[in-house]
Amino acid sequence: MNLRDTFRRDRVFDVVRPGTRTINPGELDTGGKYLLYMENITVSFDGFKALNDLTLYIEPGELRCIIGPNGAGKSTMMDVITGKTRPDQGTCFFGQTLDLTRMSETEIAGAGIGRKFQKPTVFPEHTAAENLELAMAGPKTTWHTLVHPLNGEQRDRIAATLDTVGLLDRHDHVAGALSHGQKQWLEIAMVLMQQPKLLLVDEPIAGMTRQEVERTAELLQQLAGEHSVVVVEHDMEFIRSIASTVTVLHQGSVLAEGKMQDVQNDPKVIEVYLGE
């Protein structure tokens, strides 16, 4: 254990932690209180601090909503978590052992962090089921697909995931023919095929009909528990419908955090965000 690990605030020494087990190198250890630890993260671009001493903790199975004005640092925060952007300073751990600042984007995805971007990026010429097959871990070449067709367990998992997002009856429809909301759900399903412990969802309801928004709210609440779900969204009515805990970012730092009712009545939040 190095010096930084010794003084991490989430560290509980093995001699006092009940049920401690040996963790292999590179293995996710979810034995602590939190699944994600971001501490004192700073990211600068040409002198502008996109994140400024940001500290954030996400619990296992939690549904957390992140709000804030444009330029608050929401996207940069997700970029740091997924390895797209390296912080200038601070620590970012997944579980108690995986230092995300030292891992590649591919390694981070393989460790159990999935991200759904604002605009759906599905394969329009392939069916919904084929999109999920392509999203599964493993070789994606045509030769591999021909030589190694799906087994029964894989087919069942694809069907179960499509059912989860409400697209089982569209399994044989090409993705390009789906509605905008259905494409969003399909991309969530594609991320779920990677079996993430932490799911990052960026503005999931942009361009959706009211019915699609309601279904998306149900879906995200359903996914929480089995997964930790972090939702970045601007629609406050939607946030109120799903939020348990809300974090407000402003100028790259946490301005406020807590229950939705408390946050929306916070004078600082009203001034910089809700009063817009």
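## Packing of helices α4, α6 and α7

Helix α4 directs its buried residues against α6 and α7. In this predicted model, those buried positions of α4 are Ala 128, Asn 131, Leu 132 and Ala 135. Viewed along the axis of α4, they fall within an arc of 95 degrees, so they line one face of the helix. The spacing follows a general rule: an α-helix has 3.6 residues a turn, so residues three or four places apart point the same way.

The cover can also be described from the side of α6. The buried residues of α6 are Ile 158, Thr 161 and Leu 162. Seen down the axis of α6, these residues fall within an arc of 100 degrees, so they too line one face of their helix. Among the elements that cover them are α4 (128–135) and α7 (180–192).

## Geometry and ends of helix α6

Helix α6 comprises the 13 residues 152–164. On the face turned away from the buried side, α6 carries the exposed residues Glu 153 and Asp 156.

Both ends of the helix have features that can be located in the model. At the start of α6, a side-chain oxygen of Asn 151 comes to within 3.1 Å of the backbone nitrogen of Glu 153. After the helix comes Gly 166, with a positive phi near 80 degrees.

Gln 184 is part of helix α7. Its relative accessibility is 1%, which is under the 20% limit, and Gln 184 therefore counts as buried. Leaving aside residues up to four places away in sequence, Gln 184 touches Lys 116, Phe 117, Gln 118 and Pro 120, together with Glu 203, Pro 204, Ala 206 and Met 208.

Lys 74 belongs to helix α2, which covers residues 74–82. With a relative accessibility of 8%, Lys 74 also lies under the 20% limit and therefore counts as buried. The side chain of Lys 74 reaches the backbone oxygen of Gly 68 at 2.9 Å.

Gly 68 is one of several residues that Lys 74 touches when those up to four places away in sequence are not counted; the others are Ile 66, Ile 67, Pro 69, Val 232, His 234 and Leu 249. Lys 74 and Leu 51 are 23 residues apart in sequence, and their C-alpha atoms are 8.7 Å apart in space.

## The antiparallel sheet

An open sheet is formed by 4 strands in the order β2-β1-β4-β5, with antiparallel pairing. Its edge strands are β2 (48–58) and β5 (98–99), each of which pairs on one side only. In general, strands of a sheet pair through backbone hydrogen bonds, either parallel or antiparallel.

Strand β1 (residues 36–45) is joined to β2 by 7 bridges, and the two strands run antiparallel. Met 38 stands opposite Leu 56 of β2.

## The chain as a whole

The elements described above belong to a chain with 11 helices and 10 strands. Of its 276 residues, 47% are buried. Among contacts between residues at least 6 apart in sequence, 67% join residues at least 24 apart. The chain exposes about 14,000 Å², and carbon and sulfur atoms supply 50% of that area.

Terms used. Residues numbered from 1 in each chain as written. Predicted model: local features only at pLDDT ≥ 70, side-chain atom pairs only at ≥ 80, totals over all residues. Heavy atoms only, no water. Buried < 20%, exposed > 50% of the residue type's maximum accessible area, 1.4 Å probe, protein only. Contact = heavy atoms within 4.5 Å. Areas by Shrake-Rupley, 256 points an atom, 1.4 Å probe, with all protein chains shown as cover. Expected span 1.5 Å × (residues − 1). Arc of directions from axis to C-beta. Polar contact = N/O pair within 3.5 Å; in protein donor to acceptor, adjacent residues only side chain to side chain. Pairing = 2+ DSSP bridges.
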